[in-house]
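Visitor: Could you walk me through this one? I'd like to ask things as they come up.
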Amino acid sequence: DDTLLFDDGSLTGEPFDDTGLHRVWPASVALCHSLVARPEAVAGRRVLELGAGTGLPSLLCARHLCAAHVIATDSNRAAVERLQ
């Protein structure tokens, strides 16, 4: 069977959750590594994270990379509330 499944529930026994509230996506971690390697890309600038989920890059920029202003957005209200 060559079917590609995006729902990993059959492997974990849990329904698929694509909201980002329960995990930090690998791409988010990779972005953070890249930003830490080049802090001048963020320092003193405004940052907008779309689909923030857990908001790891936004938190990094706001707390450690001296961003002037950070806005984190997500379509999931609970994700946004957790980041405030």
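Guide: We can go through the fold, the confidence, the core and the surface in turn. This is a predicted model, in which local features need pLDDT of at least 70 and side-chain atom pairs count only at pLDDT 80 or more, while totals for chains, interfaces and linings use all residues. Residues are numbered from 1 along each chain as its sequence is written, and side-chain values use heavy atoms, with hydrogens and water left out.

Visitor: OK, how many helices and strands does the chain have?
Guide: The chain has four helices and two strands, and along the sequence they follow the pattern α-α-β-α-β-α. Helices (H or I, at least four residues) and strands (E, at least two) are DSSP runs, numbered from the N terminus.

Visitor: And where is confidence lowest, and where highest?
Guide: Confidence is lowest in helix 1 (residues 9–12), at a mean of 59, and highest in strand 1 (residues 46–49), at 97. For the chain the mean pLDDT, the predictor's confidence in each residue from 0 to 100, is 84, and 75% of the residues reach 70 or more.

Visitor: Switching to the inside, which residues form the largest nonpolar core?
Guide: That core has eight residues, namely C32, L35, V42, V47, L60, C61, L65 and A67, and the elements giving two or more residues to this core are helix 2 and helix 3 (56–63). A nonpolar core here is a set of buried Ala, Val, Leu, Ile, Met, Phe, Trp, Tyr and Cys residues joined through side-chain atoms within 4.5 Å. Buried means under 20% relative accessible area, exposed over 50%, and partly exposed in between (1.4 Å probe, protein chains only).

Visitor: What does C32 touch?
Guide: Not counting residues up to four places away in sequence, C32 touches L56, P57 and L60, where contact means heavy atoms within 4.5 Å.

Visitor: Now charges: how many salt bridges are there in the whole structure?
Guide: A search of the whole structure finds one salt bridge, which joins E40 and R38, with their closest N and O atoms 3.5 Å apart. The term requires a side-chain nitrogen of Lys or Arg within 4 Å of a carboxyl oxygen of Asp or Glu.
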